[in-house]
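The exercises below work through a single model, each with a task sentence followed by a solution in steps. Please look at the structure before reading the solutions.

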Amino acid sequence: MTTPALALDSLSQSFGGLQVLTDLSLSVPAGRATALIGPNGAGKTTVFNVVSGVYAPTAGRVLLHGRDITAMPSRRRIRHGLARSFQNVRLMDHLSVVENLIVGQHATTRGLSDLLTPFRLWPEHRWRRQAVDALAEVGLSAHADAAVGALPYGIRKRIDLVRATLAGASLLMLDEPAAGLNPTEMNALRDHLALLRRRGVTLLVVEHDMRFVGEVCDWVVALDFGQKITEGPLAEVQRDERVRAAYLGQAA
Amino acid sequence: MSGYQSGLLVILCFNVIAAYAVYLPLAAGQLNLGVAGFMAVGAYGAAILTNEMGWPLVAAVPAGGLAAGLVALVVAVPILRTQGIYLALATFALGQVIAAIFLNLDIVGGAAGYPVAAYAGPGGVYALTGAVVAAVFLLSRTRFALYLTAIKSDPVVTDLMGIDVRGMQVAALTLGAVIAGLGGGLYGHHFSFVEAQHFNVALSIYTVLYVLLGGVQTVWGPLVGAVFFTVLPEVLRVGGGWRYVLFALLIIGFMALRPQGIVTAGSWRRRSPAPARVPASLPEAAE
Ligand SMILES: Nc1ncnc2c1ncn2[C@@H]1O[C@H](COP(=O)(O)OP(=O)(O)OP(=O)(O)O)[C@@H](O)[C@H]1O
Ligand SMILES: [Mg+2]
């Protein structure tokens with residue numbers, strides 16, 4: 001078996017007395033799109049936060065392409081191929097769209113000379129061009145110089161995703177990329193994810209919209225109360241009694 | 001230029017230098033309320049070097065800047081563990097400690113002050129100010145400056161982008177201190193005298209005040225703030241004894257009308273046509 005892009009090994013996470021993840025093991029095969037589903041509060045975002053290093057897990061290990069990164073400082077992980085987007089869209093409000101993207105390129109730059117090049121003296125510097133090209137590729141270049149706060153939610157959400165792709169990451173974790181998008185934006189998002197998959201990027205997607213999950217992902221892992229309850233193709237997972245019970249429990 | 005005008009211009013220059021010393025860390029959201037302390041380190045450091053060691057001015061003033069930077073570097077790591085109001089208080093206390101040390105240091109005259117033999121004319125002051133403004137402008141065109149703003153917006157995301165947040169913050173505070181030290185070093189040599197009492201709390205706080213008044217969104221805000229703060233009291237002289245009241249009222253008025261400062265990012269974004277302002281129609285998802 002080839003090394004998975006990401007593997008969680010008996011991961012546990014608690015906040016104070018609250019046990020959020022319990023002995024969670026799962027693996028994300030390279031080059032595929034895997035969905036992580038579960039009712040509200042199941043611990044999906046917490047998985048992302050532990051994998052990206054925002055929280056250190058209480059127990060267990062995180063393996064990125066077979067390498068143990070559990071103790072690696074969060075900021076180093078992107079250079080090892082790990083990038084993510086955010087459920088609540090965390091673009092930097094004090095920066096324009098293109099400036100946000102240039103920050104997102106950081107992992108592709110090298111050393112003090114790149115840090116201190118006054119590149120904004122050149123209006124067509126390659127860093128800016130690359131950022132604008134990345135926007136153009138998904139039809140968002142009209143917003144390049146917009147102030148982030150002035151943009152509608154759906155656009156900001158998609159720019160958050162573009163920013164996550166600019167470090168050349170091999171594994172992209174997307175936290176509810178479709179939430180709040182209108183149908184047109186959903187189509188654009190599907191095309192964007194297809195493009196990323198053609199480039200060989202591995203996706204781990206948290207999403208509540210099951211139709212979207214079925215279209216984008218070929219494997220589904222279901223969580224409830226921080227534990228894996230089942231995994232498999234979407235149709236199978238949706239038929240699973242425990243999954244139905246978990247979602248019913250939420251509705252009740 | 002009359003003596004009055006050149007005197008005013010020199011004071012403006014020192015205010016501009018101090019403004020940029022405060023601006024750099026502030027761009028990353030760090031409030032340095034002890035800038036006068038770093039100026040004192042530069043002033044005494046450079047004066048000791050020319051007075052006691054016979055160094056030329058062109059070497060002593062940069063050395064004073066480096067000394068201030070070194071102090072900042074040593075204290076930055078513990079200080080930057082604190083955030084928000086605590087960081088402001090820590091730098092405030094540091095400024096007080098530094099001034100108190102010089103006030104009690106007999107080799108530099110203690111409370112009586114320290115006469116400085118070597119003299120720097122107005123030309124030197126203008127040259128240093130020009131160099132500082134040019135350097136900060138160039139810096140504002142770099143990734144470093146972009147990262148400072150990113151840190152102010154969202155340090156967690158900036159970290160996940162691979163940026164060394166703590167390193168950038170230390171660098172901003174230290175570079176600001178170097179600028180303050182350079183300004184302090186030249187100050188002593190221009191006025192031929194250094195006294196610890198000059199580098200007091202009011203100096204630190206006024207500097208922050210006019211940087212905020214000018215605005216920290218662009219590199220020109222601090223310059224405009226310093227000009228405003230230096231020239232306005234002179235203009236208000238016609239008001240006689242009431243000028244300080246008028247001055248305070250004007251500052252409060254400006255802060256109320258333009259909380260982002262006089263110069264905002266929008267005032268400079270002219271290259272591209274303004275994007276259509278579509279109101280955010282959809283509610284934010286939970287979290
Ligand atoms: N930093 C934290 N401190 C305390 N509790 C937390 C923290 N982060 C998450 N939790 C709790 O952990 C649980 C799981 O939260 P998480 O955000 O991972 O859920 P989720 O599956 O992403 O849910 P949703 O679908 O609503 O986004 C929740 O009960 C939440 O309140
Ligand atoms: Mg979540």
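**Exercise 1.** Which residues coordinate the magnesium ion (ligand 2), and through which atoms?

*Solution.* This is a predicted model, in which local features need pLDDT of at least 70, side-chain atom pairs count only at pLDDT 80 or more, and totals for chains, interfaces and linings use all residues. Residues are numbered from 1 along each chain as written, chains are lettered from A and ligands numbered from 1 in written order, and side-chain values use heavy atoms, without hydrogens and water.

Step one: taking as donors N, O and S atoms within 2.8 Å of the metal (3.2 Å for Na, K and Ca), with water not among the atoms, so that sites may look incomplete, one finds OG1 of Thr45(A) and OE1 of Gln87(A), at 2.0 to 2.2 Å.

Step two: Thr45(A) belongs to helix α1 (residues 44–52) and Gln87(A) to the loop between β6 (82–84) and α2 (97–104), so the pair ties together parts 42 residues apart in sequence; helices (H or I, at least four residues) and strands (E, at least two) are DSSP runs, numbered from the N terminus.

**Exercise 2.** Are Thr45(A) and Gln87(A) buried or exposed?

*Solution.* With buried meaning under 20% relative accessible area, exposed over 50% and partly exposed in between (1.4 Å probe, protein chains only), both Thr45(A) and Gln87(A) are buried. Of the 252 residues of chain A, 56% count as buried.

**Exercise 3.** Describe the secondary structure and extent of chain A.

*Solution.* Chain A has nine helices and ten strands, and its C-alpha trace spans about 60 × 40 × 40 Å along its principal axes.
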